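Hello,

Here is the structure I promised to pass on to you. Please have a look at it first, and then read my notes below.

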Amino acid sequence: MKEKVLKLKENALEEVKKLSKEADVLNCKAKYLGKKSELNEFLSSLKELSVDEKKVMGPLLNQTKKELEEAFSQKLEEINNQVSYDFDETLPIYVETGSMHPITLVIKEMTDIMKKMGFTVVSGPEMEEEYYNFEALNIPKDHPARDMQDTYYLSNGKLLRTHTSPNQVRAMQKYGAPLKVCAPGRVFRNEDMDANHDTTFFQLEGMVIDKGISISNLIYVMRSLLSETFKKEVKVRLRPGFFPFTEPSFELDCSCLICGGKGCPTCKNSGWLEFCGCGMIHPNVLRESGIDPDEYTGFAFGFGVTRIAMMKYKIGDIRVLNSGDVRSLQEFEIE
Ligand code: PHE
């Protein structure tokens with residue numbers, strides 16, 4: 001009998017070791033420790049044994065029962081632990097870190113540079129008064145310049161601003177002269193969309209007003225700003241342009257960032273890239289803003305931040321910038 005019990009124990013321990021499912025362990029436990037188990041039969045037959053035999057078999061059976069119970073509960077615990085820690089700690093963890101939008105990055109970088117040059121950053125509403133977007137900027141209702149900046153007129157009498165220039169007048173009226181401000185922001189135009197045109201894009205406006213401000217100040221500020229932004233010395237040149245709110249008005253070109261001015265496909269072999277509109281603030285605009293044009297002069301410029309972001313991060317299609325699809329951010333070469 002003793003051998004039988006020892007063999008039984010050995011078999012049970014061997015069997016339980018191989019199990020990996022909770023249900024199998026419970027079945028196995030019933031088989032070896034349940035009411036109809038062999039061990040139970042041995043226990044019930046104890047009373048039929050002699051006193052000497054009882055002295056040996058009693059403790060042996062109890063000990064066996066205890067050991068098997070322990071083995072079963074240990075196995076169950078092992079299985080339960082496996083379930084609750086059901087992941088492989090050695091797997092690499094992919095943490096998706098976000099990145100700033102390219103437009104946000106360019107605005108931050110350029111306004112930081114302008115702040116160092118003494119400009120204050122201001123902002124105005126995207127839903128703008130017609131007065132600030134046009135009239136105050138010397139663009140009366142019947143002026144043909146309104147055609148080039150057609151926009152969305154809202155039922156509340158306001159419009160979606162077509163440029164950041166309304167901030168010129170807002171800032172002058174609020175702070176007076178002398179003044180050195182820049183205003184980044186979203187602007188809107190009625191535009192046929194393609195890879196280079198969107199109805200919504202970003203501009204950065206800059207303006208300096210003081211006594212004796214001249215075109216040479218404009219050139220110096222633009223050259224410094226662009227050289228800092230592109231981290232290389234650039235040249236700028238002015239061509240005659242037209243804006244109702246500046247006189248004289250210019251188109252400012254920047255020496256090609258790719259070839260440095262020698263001529264390449266990017267600059268269509270001209271060596272120059274069209275950069276922005278600018279000019280000396282029109283006396284009518286100064287007057288409208290409460291500043292005496294005989295005492296103060298100033299310059300202003302406004303350029304497309306979206307274009308710069310596209311150049312800087314090699315973005316081929318302007319539309320992805322407003323797409324709202326996070327996957328598009330992963331395509332950009334943002335360091
Ligand atoms: N607001 C003009 C545009 O959007 C650019 C500009 C700004 C021109 C300031 C002159 C002075 O095209």
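Which residues of helix α8 (residues 166-175) are buried? They are P166, N167, Q168, V169, A171 and M172. Just after α8, G176 takes a positive phi of about 70 degrees. Please keep in mind throughout that this is a predicted model.

On the overall layout, the chain is divided into domain 1, covering 2-82, and domain 2, covering 102-332. The C-alpha centres of domain 1 and domain 2 lie 86 Å apart.

Now to the ligand. There are 15 residues around the ligand, and H163, S165, R189, Q203 and G302 come nearest.

- H163 has a side-chain N or O atom 2.9 Å from a nitrogen atom of the ligand.
- S165 places a polar side-chain atom 2.9 Å from a ligand nitrogen.
- R189 has an N or O atom in its side chain 3.0 Å from an oxygen atom of the ligand.

The ligand taken alone exposes 320 Å², and the protein buries 93% of that. As for where the shell comes from, β5 (200-210), β8 (272-281) and β9 (297-304) are the elements that give two or more residues to it. Of these, β9 gives the most, with three residues. Sorted by class, the shell around the ligand holds five nonpolar, eight polar and two charged residues.

The strands of the shell turn up again when you look at helix α11 (residues 305-312). Its buried residues are V305, T306, I308, A309 and M310. These buried residues of α11 pack against β5, β8 and β9, as well as α5 (102-116) and α9 (215-230). Just after α11, K314 takes a positive phi of about 50 degrees. While you are looking at the helix, recall that an α-helix has 3.6 residues a turn, so residues three or four places apart point the same way.

Is S227 buried or exposed? S227 counts as buried because its relative accessibility is 10%, and the cut-off for buried is under 20%. The side chain of S227 reaches the backbone nitrogen of V234 at 3.1 Å. Leaving aside residues up to four places away in sequence, S227 touches K232, E233 and V234.

Happy browsing, and do write back with any questions.

Best wishes

Technical notes: Residues are numbered from 1 along each chain as its sequence is written. This is a predicted model: local features need pLDDT of at least 70, side-chain atom pairs count only at pLDDT 80 or more; totals for chains, interfaces and linings use all residues. Side-chain values use heavy atoms; hydrogens and water are left out. A residue is near a molecule or strand if one of its heavy atoms lies within 4 Å of it. A polar contact is a pair of N or O atoms within 3.5 Å; within protein, one must be able to donate a hydrogen and the other to accept it, and residues adjacent in sequence count only if both atoms are side-chain atoms. Accessible areas come from the Shrake-Rupley method with a 1.4 Å probe; for residues, only the protein chains shown count as cover. Helices (H or I, at least four residues) and strands (E, at least two) are DSSP runs, numbered from the N terminus. Ala, Val, Leu, Ile, Met, Phe, Trp, Tyr, Cys and Pro count as nonpolar, Asp, Glu, Lys and Arg as charged, and the others, Gly among them, as polar. Buried means under 20% relative accessible area, exposed over 50%, partly exposed in between (1.4 Å probe, protein chains only). Contact means heavy atoms within 4.5 Å. Domain bounds come from an automatic or database domain assignment.
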